[in-house]
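Dear colleague,

I am handing over the structure below, and my notes on what was found in it follow. Please read them with the sequence and the coordinates open.

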Amino acid sequence: MTIGTLGPLSATQLLHCPSSDGVSNMSLTSGTAQQIAVPTGAHAAAFAFNADIWVAFGTTQVAASPSSYSSAGSTAACEFNPTIRYFGSTAGTTAISVYSDFTCKGSVSFYA
């Protein structure tokens, strides 16, 4: 078996992942949200951490572990362990807030 025939996808489909346009490495202190500026021109972010995280998008949002119920569609809600998120442009999302209940490390990779 050659690498070009692994599974239903060809190697070019499987390995076609561009390098990131910028990476923010983070070291989070337990119980403290940290905000990162979104690089100009970024349209998407990929999250990778060694513990559970909560994420909020926007300059006025501060990520936190929820203490009560929030309804679907609430703009005040945080997202639990996002993987890759497309946010369109830095016009609407200029910062991302990341929070963990545990001390952890990770990175946010940005893509144009």
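A disulfide is taken here as a pair of cysteine sulfur atoms within 2.5 Å, and by this rule the count comes to zero disulfides. This is a predicted model, in which local features need pLDDT of at least 70 and side-chain atom pairs count only at pLDDT 80 or more, while totals for chains, interfaces and linings use all residues. Residues are numbered from 1 along each chain as its sequence is written, and side-chain values use heavy atoms, with hydrogens and water left out.

Cys 78 is partly exposed at a relative accessible area of 22%, whereas Cys 104 is buried at 3%; buried means under 20% relative accessible area, exposed means over 50%, and partly exposed lies in between (1.4 Å probe, protein chains only).

Turning to the strands (DSSP runs of E, at least two residues, numbered from the N terminus), four of them form an open sheet in the order 2-7-4-5 with antiparallel pairing, where two strands pair if DSSP finds at least two bridges between them. Strand 2 (34-37) and strand 5 (79-80) are at the edges because each has a single partner strand, so one side of each is left without a neighbour in the sheet. The partner of strand 2 is strand 7 (residues 95-99), joined to it in the antiparallel sense over four bridges, and Gln 35 stands opposite Ser 97 in strand 7.

Ser 24, in strand 1 (residues 22-28), counts as buried at 16% relative accessibility. Leaving aside neighbours within four places in sequence, Ser 24 is in contact (heavy atoms within 4.5 Å) with Ile 36, Gly 106, Ser 107, Val 108 and Phe 110.

Best regards
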